[in-house]
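These are my notebook entries on a single protein chain. I record below what I looked up, entry by entry.

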Amino acid sequence: MTGVQTCALPICTSGGSTGTTAAATTNPASTSSIADTTTTTINVAATKVQVANASGISGVAKRFTLELQAKGYDTAAAATSTAKLATSRVIYNANDPNAQGVANAVAALFGGIPVEAKAEPVPTKSGSWANGSAVILLIGKDYANKTLAQIAANAGAGTATGNSTANSTPTVTS
């Protein structure tokens, strides 16, 4: 599946072309504004994303796996998490050079949920990264009964929310 996503962390939108977003910042000591126009291109199919249900609500991981596939992500089979979480998060294997960028792009789709590097054992029944995967989206109770469209609407298009640590605007391709 081929698609392009433009992310102004933590918000991503899908579309047929790439774009950039400038974030203006103001120095309190002066009246001038500086626009940050750094753009990073991320191939969301560079590593597989596994969605793990950490909510305890049946069918959640499979539903979000299909939604990520529709956005151009390469996904592993849906899984069940060994952890039960109130809030969703993304973990990634720091040994994979593509994992952090893909993890940040996934987190941006979910309103800027937390992202952290994690070594094995990971919180899935297997305890291991799925074959070809270095990113796991752990769906907690906060998003279990929502769609990506609902999550994006609640995040407020164009509004920076969540736990993003990047100031750049990644252009996400698959």
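Entry 1: I began with N53, which counts as buried at 10% relative accessibility; buried means under 20% relative accessible area, exposed over 50% and partly exposed in between, with a 1.4 Å probe and protein chains only. The model is predicted: local features need pLDDT of at least 70 and side-chain atom pairs count only at pLDDT 80 or more, while totals for chains, interfaces and linings use all residues. Residues are numbered from 1 along each chain as its sequence is written, and side-chain values use heavy atoms, with hydrogens and water left out.

I located N53 in strand β6. Helices (H or I, at least four residues) and strands (E, at least two) are DSSP runs, numbered from the N terminus. The side chain of N53 makes a polar contact with the side chain of S55 at 2.7 Å. A polar contact is a pair of N or O atoms within 3.5 Å; within protein, one must be able to donate a hydrogen and the other to accept it, and residues adjacent in sequence count only if both atoms are side-chain atoms.

I then listed the contacts of N53 (heavy atoms within 4.5 Å). Leaving aside neighbours within four places in sequence, N53 touches S58, G59, V60, A61, A79, T80, S81, K84 and I139.

From that list I followed S81, which lies in the loop between β7 (79–80) and β8 (89–92). S81 is buried, at 3% relative accessibility. A polar atom of the S81 side chain lies 3.0 Å from the backbone nitrogen of A83. Beyond four places in sequence, S81 is in contact with A52, N53, A54, P123, T124 and L138.

**Entry 2: the sheet.** Which order do the strands take in the open sheet of five strands? I read it as β7-β6-β10-β8-β9, with mixed pairing. The strands β7 and β9 (115–117) stand at the edges with a single partner strand each, so one side of each has no neighbour in the sheet. Two strands pair if DSSP finds at least two bridges between them.

I examined the pairings of β10 next. Strand β6 (residues 48–53) and strand β10 (residues 133–139) run parallel and are joined by six bridges. Within this pairing I noted A52 opposite L138, and V51 with L137 as its bridge partner. With β8, β10 pairs in the antiparallel sense over four bridges; there I91 stands opposite I136. Seven of the seven residues of β10 are buried, so this strand is largely enclosed by the rest of the structure.

**Entry 3: helix α2.** I found helix α2 (residues 99–109) lying across β6, β8, β9 and β10, at about 170° to β8. Axes are lines fitted to C-alpha atoms, for helices over the stretch in contact, and angles run from 0 to 180 degrees between N-to-C directions. How many of the 11 residues of α2 are buried? Eight are, and the helix is mostly covered; among them are V102, V106 and L109. After α2 comes G111, with a positive phi near 75°.

**Entry 4: aromatic rings.** Rings of Phe, Tyr and Trp (its six-membered ring) pair if their centres lie within 6.5 Å; planes under 30 degrees apart count as stacked, over 60 as edge-to-face and the rest as tilted. I counted two aromatic pairs by this rule. In one of them, F110 and Y143 have ring centres 5.9 Å apart and planes at 50°, so the pair is tilted. F110 lies in the loop between α2 and β9, and Y143 in the loop between β10 and α3 (148–155), so the pair ties together parts 33 residues apart in sequence. F110 is buried at 0% relative accessible area, and Y143 is buried at 16%. Together with F64, these two residues form one aromatic cluster.

**Entry 5: a cis peptide.** I recorded a cis peptide bond between E120 and P121, with omega about 5°. P121 lies in the loop between β9 and β10.

**Entry 6: the chain as a whole.** The chain has three helices and 11 strands, and buried residues make up 42% of its 174 residues. Of the contacts with a separation of 6 or more, 78% join residues 24 or more positions apart.
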